Amino acid sequence: MIWLDPDDISFPDTELYDPKDGLMAIGGDLNPERLWFAYQLGLFPWYNEGEEILWWCPDPRFVLFPTELKISKSMKKILRDNIFEFTENECFEDVMRNCKIAERKGQDGTWINEKLIDSFVKLHQFGKAKSFEVWQNGELVGGFYGIQVGNVFCGESMFSKVSNASKAGFIHFTTKYQNNWELIDCQIYSEHLESLGAKMIPKIDYLKLLKQQKS
C-alpha cells in the first residue's frame, strides 16, 4: 500500500497503479491544493472520520453521460408542476453540512468532516467547487455539490429532506448543463443514480476523458 507524505503533494499514477479494490493511497492531508490535484488525476477521498485518509480510483467507474439521462414520467410531472425551486452556488457550505448529516443506506458514518468542509469551501471560493440547491417554500430541502474539472463534473454527495428533492435537483441541473458537462462522475454505484442513467465504464476510459479537460 502506498502511504502519502503530508509535505509532498503527489499520488501514484492512476493509470499504471491498478489495485483490485481501487484504493490507491493512504494518508496525506485534505488541503485544497491536494484535493484539487487529486480530482484532476481521477482520485477522491472516502473514509470514516477518525481513520486515515483513503484515496480511491475504482475500476470500473460509475458515471453518467448527461445525454443518457433517464427521466421517469412521475419526475417529469414533478418538474412541470414546479414543486421545487432551484439555485446554484447560493449556500455551498449549507449543502455540504446537510450532506454530512444525511442518512445513507449501508453507512454508519460520514467522510465529510470539518477539515474537508473547510477545504471544499475554499475550493468553492476559487471557483473549483460548486453547489446546487433545491428549495420548497423558502426552505433548503435538497441539493448536491462537487468539483468541476473542465467539462467533467465530479459529484461528491447529495441530500434530500423531502421526497424527490435531490432527484429533481439532479435532473434539473443535468438537463440545464447537458451541453456543458461531458460527463458526471458518480464515483460509487447507487441504485438511485442508476435509475437516472448512470452506468459503469472502465477506469481507463474515465481517465482518458479526464486528461482531455482543461482545468
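User: At what angle do H1 and H4 pack, and how far apart are their axes?

Analyst: In this predicted model, the angle between H1 and H4 is about 75°, and their axes are 9 Å apart. That makes H1 roughly perpendicular to H4, because angles of 65 to 115 degrees count as such.

User: Which residues make that contact?

Analyst: H1 contributes Pro32, Leu35, Trp36 and Tyr39, while H4 contributes Leu116, Ser119, Phe120, Lys122 and Leu123.

User: How do those residues divide into nonpolar, polar and charged?

Analyst: The contact of H1 with H4 has seven nonpolar residues, one polar residue and one charged residue.

User: And which strands does H4 lie across?

Analyst: H4 lies across S7 (129-136), S8 and S9, and runs at about 95° to S7.

User: On to the core. How many residues does the largest nonpolar core have?

Analyst: That core has 46 residues. Those with the most contacts inside it are Leu35, Tyr39, Trp55, Phe120, Tyr145, Ile147 and Tyr206. Elements that each supply at least two residues include the helices H1 (32-40), H3 (92-101), H4 (114-125) and H7 (203-211). The strands S2 (23-27), S4 (54-56), S8 (139-149) and S9 (152-160) likewise each supply at least two.

User: Which element gives the largest share of this core?

Analyst: H4 does, with five residues.

User: What is tyrosine 39 in contact with, leaving aside its neighbours within four places in sequence?

Analyst: Tyrosine 39 is then in contact with Phe44, Pro45, Phe120, Ile147, Val149, Cys154, Glu156, Gln187 and Leu210.

User: What other core lies apart from the largest one?

Analyst: Another core, of 24 residues, lies apart from it; Leu69, Phe170, Phe173 and Tyr177 are among its members.

User: Now the sheets. In what order do the seven strands of the open sheet come?

Analyst: The order is S6-S7-S8-S9-S10-S5-S11, and the pairing is mixed. Strands S6 (85-88) and S11 (199-201) stand at the edges with a single partner strand each, so one side of each has no neighbour in the sheet. From one strand to the next, the twist averages 35°.

User: How does S5 pair with S10?

Analyst: S5 (residues 61-64) and S10 (residues 183-187) pair in the antiparallel sense over three bridges. Valine 63 stands opposite aspartate 185 of S10, and phenylalanine 62 has glutamine 187 of S10 as its bridge partner.

User: What about S5 and S11?

Analyst: S5 and S11 also run antiparallel, joined by three bridges. In that pair, arginine 61 stands opposite isoleucine 201 of S11.

User: Are the residues on the two faces of S5 buried or exposed?

Analyst: They are all buried: Arg61 and Val63 on one side, Phe62 and Leu64 on the other, which leaves both faces of S5 covered.

User: What is the order of the four-strand sheet?

Analyst: That open sheet has the order S1-S2-S4-S3, with mixed pairing. At its edges stand S1 (3-4) and S3 (44-45), each with a single partner strand, so one side of each is without a neighbour in the sheet. S3 and S4 run antiparallel and are joined by two bridges. Phenylalanine 44 has tryptophan 56 of S4 as its bridge partner.

User: Backbone geometry next. Where is the cis peptide bond?

Analyst: The cis bond joins aspartate 59 and proline 60, with omega of about 5°. Proline 60 is found in the loop between S4 and S5.

User: What is phi for asparagine 82 and for glutamine 187?

Analyst: Phi is near 55° for asparagine 82, a positive value in a residue other than glycine. For glutamine 187, phi is near 70°, likewise positive in a residue other than glycine.

User: Last one: where is asparagine 113?

Analyst: Asparagine 113 is in the loop between H3 and H4. Its relative accessible area is 11%, so asparagine 113 is buried, the cut-off being under 20%. Leaving aside neighbours within four places in sequence, asparagine 113 is in contact with Leu30, Tyr47, Glu49 and Lys100.

Technical notes: Residues are numbered from 1 along each chain as its sequence is written. This is a predicted model: local features need pLDDT of at least 70, side-chain atom pairs count only at pLDDT 80 or more; totals for chains, interfaces and linings use all residues. Side-chain values use heavy atoms; hydrogens and water are left out. A nonpolar core is a set of buried Ala, Val, Leu, Ile, Met, Phe, Trp, Tyr and Cys residues joined through side-chain atoms within 4.5 Å. Buried means under 20% relative accessible area, exposed over 50%, partly exposed in between (1.4 Å probe, protein chains only). Contact means heavy atoms within 4.5 Å. Two strands pair if DSSP finds at least two bridges between them. Axes are lines fitted to C-alpha atoms, for helices over the stretch in contact, and angles run from 0 to 180 degrees between N-to-C directions. Angles under 35 degrees count as roughly parallel, over 145 as roughly antiparallel, 65 to 115 as roughly perpendicular and the rest as oblique. Ala, Val, Leu, Ile, Met, Phe, Trp, Tyr, Cys and Pro count as nonpolar, Asp, Glu, Lys and Arg as charged, and the others, Gly among them, as polar.
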